[in-house]
Amino acid sequence: MDANRAVNLTVKTWFCIAAVGHTIFLAYILAVFYPPIAQSGLDGLQGLHLPAGFREGDTLGNLAAVAHVVLAAIVIGGGPLQLIPAVRRHAPTFHRWLGRSYLMAAVISSVGGLYMTWTRHSIGDLVSQVTISIDGILVLVFAFLAVRAAMSRRIIEHRRWALRLFMAASAVWFFRVALMGWAMLTGGWGVDWDSFTGPFLYALGVGQYLVPLAMLEWYFHCQKREARQRVQIAFISTLVPMTVFMAIGIFAATMGMWLPQM
Ligand code: HEM
């Protein structure tokens, strides 16, 4: 098999496994957050497991928290759907509307997340506040650049910014999957669960978006006509073990984090 086809096959396998993992996180969001919010509005956040989720009298903050978890469903469910070529081909109108909804949801969810992070105390410390905030800012910047490229009909550039947006908007999913995979394989080395700090959590704070974004840039490079076979094989040899780790992480997050709450 030539290296180009091997790169595509590896990326497709990665995508299918990531899409299954996103679907499980989506099911968790719909099952845990939607029923209490549909029933009691902002008060529905009370009694949920969110340390920064509900504050008596802080209507704006509670609104941000509700918008954050409600729109998270569109971000996590819509992202993988947007990337399926058959959906783009056979349902272009749906693709356009989902694209707009995804973009709006990612932007509002990130603004809500930034607001909660800096006005309420969640788990972790200043390092985790700063690293997740960088992700929120990346989402806003990539969303802006994706829209700007689409409006001026620069389609290849639009596709690239949209893929970068997907990686940044799904960073919180990578975080959960990598953390639980790591906990399962190492017993949680470098993680202090009580204070939610530690060297592994600090590395993951930036790794949750830097690693996916770096792999994406490498993939773009592998797709170029002048890409060398050596580089493509190195890419595959890096993505395969990462995909295995991701699959372990999805299993661990499902069993240890999502299913018990559903
Ligand atoms: C745009 C993609 C994002 C998605 C899909 C997302 C999803 C979620 C979900 C599902 C929760 C509920 C916690 C859980 O059950 O796992 C949550 C909580 C939270 N998120 Fe996000 N999030 C995103 C981005 C961000 C960003 C960029 C920030 C900060 C800048 C942020 C800050 C928070 C905070 C502070 C909480 C509350 C945690 C607590 O109660 O202690 N999120 N997010």
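1. Helix H3 passes helix H5 in a left-handed crossing. The structure is a predicted model, and the points below should be read as descriptions of that model. The axes of H3 and H5, the latter spanning residues 92-119, come within 7 Å of one another and cross at roughly 145°. As to composition, the residues of this contact comprise 16 nonpolar and eleven polar ones, with no charged residue.

2. Helix H3 covers residues 59-82 and contains His68.

3. Ile74 and Ser109 are separated by 35 residues in sequence, and their C-alpha atoms are 9.9 Å apart in space.

4. Next, the aromatic residues. The count of aromatic pairs comes to twelve. One of them joins Tyr28 and Phe33, whose ring centres are 5.9 Å apart with 85° between the planes, an edge-to-face arrangement. Are these two residues buried or exposed? Tyr28 and Phe33 are both buried. The two residues also belong to one aromatic cluster, together with Phe25 and Trp258.

5. A further pair is formed by Trp218 and Phe235, with ring centres 5.5 Å apart. Why is this pair called edge-to-face? The planes of Trp218 and Phe235 stand at 80°, and the label applies because that angle is over 60 degrees.

6. The accessibilities of the two partners are as follows. Trp218 has a relative accessible area of 26% and is therefore partly exposed. Phe235 has a relative accessibility of 2%, so Phe235 counts as buried, the limit for that class being under 20%.

7. Two arginines are placed over aromatic faces. Arg100 lies over the face of Trp97, at 4.7 Å from the ring centre. Arg160 lies over the face of Phe220, and here the distance from the ring centre is 4.5 Å.

8. Backbone angles deserve a check at two loop positions. Most residues other than glycine have a negative phi. Arg153 has a positive phi, near 60°, and is not a glycine. Arg153 sits in the loop between helix H6 (126-151) and helix H7 (155-169). How exposed is Arg153, by relative accessible area? The value is 67%, so Arg153 is exposed, the threshold for that class being over 50%.

9. Phe196 is another residue other than glycine with a positive phi, in this case near 55°. Phe196 is found in the loop between helix H8 (171-186) and H9. With a relative accessible area of 17%, Phe196 falls under the 20% limit and is therefore buried.

Notes. Residues are numbered from 1 along each chain as its sequence is written. This is a predicted model: local features need pLDDT of at least 70, side-chain atom pairs count only at pLDDT 80 or more; totals for chains, interfaces and linings use all residues. Side-chain values use heavy atoms; hydrogens and water are left out. Helices (H or I, at least four residues) and strands (E, at least two) are DSSP runs, numbered from the N terminus. Axes are lines fitted to C-alpha atoms, for helices over the stretch in contact, and angles run from 0 to 180 degrees between N-to-C directions. A crossing is left-handed if the near helix is turned anticlockwise from the far one by less than a right angle, and right-handed if clockwise. Ala, Val, Leu, Ile, Met, Phe, Trp, Tyr, Cys and Pro count as nonpolar, Asp, Glu, Lys and Arg as charged, and the others, Gly among them, as polar. Rings of Phe, Tyr and Trp (its six-membered ring) pair if their centres lie within 6.5 Å; planes under 30 degrees apart count as stacked, over 60 as edge-to-face and the rest as tilted. Buried means under 20% relative accessible area, exposed over 50%, partly exposed in between (1.4 Å probe, protein chains only). A charge sits over a ring if NZ of Lys or CZ of Arg is within 6 Å of the ring centre and within 35 degrees of the ring normal.
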